[in-house]
Amino acid sequence: MIPIAKPYLIEEDAQAAYDTILSGWITQGPKVQEFEEKFARYTGATYAVALSNCTTALHLAMIVAGIGQDDEVICPSMSYIATANSVRYVGAKPVFAEVNPATYNIDPVDAEKKITPKTKAILIVHQIGMPADIDAFKALCKKYTLQLIEDAACAVGSSYKGEQIGSHSELVCFSFHPRKVLSTGDGGMITTNREDYYKRLKLLRQHGMSVNDRVRHLSDKVVFEDHLELGYNYRMTDIQAAVGIKQLEKLNWIVEKRRQIAYLYHEAFKQMPWLRLPLEEEGYISNYQSYAIYLKKDCPISRNELMQKLLDAGIASRRGVMTAHRETAYLGYCKGLQLPVSEDASDRSIIIPLYVPMPEEEITYVIGHIKNMLSMAENENCNGSLTLLPENNQ
Ligand SMILES: Cc1ncc(COP(=O)(O)O)c(C=O)c1O
């Protein structure tokens, strides 16, 4: 089976974890600090705070941005559900805006229409690694005095207008889950240029404790900590951070390799009239965390049928990015809400395998099968012998 994704973890990553396990310090400590410093330098942000995952990063971003009960946060529904959930964690309401169907990223024009006196923030997502139009959202946030928060869960190593994602705004949240381009097993990071946010994030991730374990441990004076506010245990371990440091050293190479595979897919599929391929506009550089193809209305095979045929041929695929407003956990929340662009983009797109190092034979096999299946379906349709499966919404 050709997998949909695989983290690029090698001997040196394992060795870093091994060494840390034997170092005597395994929870948040010197490796976390080193990873944060290196991550901040890599992204060009002033500060970075490591966390247990991106969901906890988004939760803390909401808190430091002062978002609370009954506030509204505009975000895309077409995203992994953690995006919208993070807004609900603080008692606020996610207000869903449509996406641009060509990039799957939140549409600034629709987002502006959703602003009300209750709106406190816009939470943009760099969907499957493609940067959103950060400048448009910065301008919108300035115009209406809103906080901009970036869900960059999938976008480590992507860049926008020549700068790494992580450097553009005050709260940028990353994920290091195995489906992401840099992985620590699970893990997350927030980058920020604001010292007040930085200090508060460090407090909040460790129970609101005034002195962290490491400082207390290294002190030659007895230290009594205070717990300054309601905090959480959202720490990253030193074992994860040690792996993260090694992953970061390879990140540019990994992104380059992913982009080469995306290029091969693009070249192979660009002549196929039924497909819409990822759009990378001038100044937008994607890490291709995922490669999604959209099946246009006249495509001779349905999305679900194509996925099944790929599976039969030993090729994993996934449905396109989900929409939160159609999930059971949101049905009561968004009664009757329809987002036709997001729903269509989600229902008609499919994510195909992309990982490093994906052997050339596998790339060729995936390309060959998709092309063949589309051509065969077209021929069969012309002969009137193919029964199309109905398009299943989810
Ligand atoms: C857009 C987006 N936001 C948030 C998350 C949550 O990340 P994590 O699994 O690190 O909590 C994900 C994970 O897939 C994601 O894709």
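**Entry 1: what I am looking at**

I am working from a predicted model, and I kept that in mind throughout.

**Entry 2: the largest pocket**

I started with the empty space. Rolling a probe the size of a water molecule over the atoms shows where such space is left. The largest pocket came out at a volume of about 620 Å³. I then asked which residues are closest to its centre. Out of 28 lining residues, they are Tyr80, Cys154, Arg179, Lys180 and Gln289.

Next I looked up which elements give two or more residues to this lining, and found α3 (54-64), α4 (82-89) and β15 (318-319). The top contributor is α3, with three residues. I also sorted the lining by class: 11 residues are nonpolar, 11 are polar and six are charged.

**Entry 3: the ligand**

Where does the ligand sit? I found it in the largest pocket. I listed 14 residues around the ligand, and the closest are Cys54, Thr55, Asp151, Ser175 and Lys180.

- Ser175 has a polar side-chain atom 2.7 Å from a ligand oxygen.
- Cys54 uses its backbone, with a polar atom there 2.9 Å from an oxygen of the ligand.
- Asn53 has a side-chain N or O atom at 3.4 Å from a ligand oxygen.

On its own, the ligand has 390 Å² of accessible area, and the protein covers 89% of that.

I turned to the backbone next. Which peptide bond is cis? I found that the one from Val356 to Pro357 is, with omega near 0°. Pro357 belongs to the loop between β16 (349-352) and α13 (360-382).

I also looked at Tyr104. This residue is not a glycine, yet its phi is positive, at about 65°. Tyr104 is in the loop that runs between β4 (99-100) and β5 (105-106).

**Entry 4: to keep in mind**

For my next look at the ligand, I am marking Cys54 and Ser175, which are both on the list of closest residues.

Definitions and conventions
Residues are numbered from 1 along each chain as its sequence is written. This is a predicted model: local features need pLDDT of at least 70, side-chain atom pairs count only at pLDDT 80 or more; totals for chains, interfaces and linings use all residues. Side-chain values use heavy atoms; hydrogens and water are left out. On a 1 Å grid over the protein atoms alone, a cavity is a set of points where a 1.4 Å probe fits but cannot get out, and a pocket is an open set with protein on both sides within 12 Å along at least five of seven lines; lining residues have an atom within 4 Å of a point. Grid points are joined across faces, edges and corners, and a volume is the space filled by probe spheres set on the points. Helices (H or I, at least four residues) and strands (E, at least two) are DSSP runs, numbered from the N terminus. Ala, Val, Leu, Ile, Met, Phe, Trp, Tyr, Cys and Pro count as nonpolar, Asp, Glu, Lys and Arg as charged, and the others, Gly among them, as polar. A residue is near a molecule or strand if one of its heavy atoms lies within 4 Å of it. A polar contact is a pair of N or O atoms within 3.5 Å; within protein, one must be able to donate a hydrogen and the other to accept it, and residues adjacent in sequence count only if both atoms are side-chain atoms. Accessible areas come from the Shrake-Rupley method with a 1.4 Å probe; for residues, only the protein chains shown count as cover. A molecule sits in a cavity or pocket if more than half of its atoms lie within 2 Å of its grid points.
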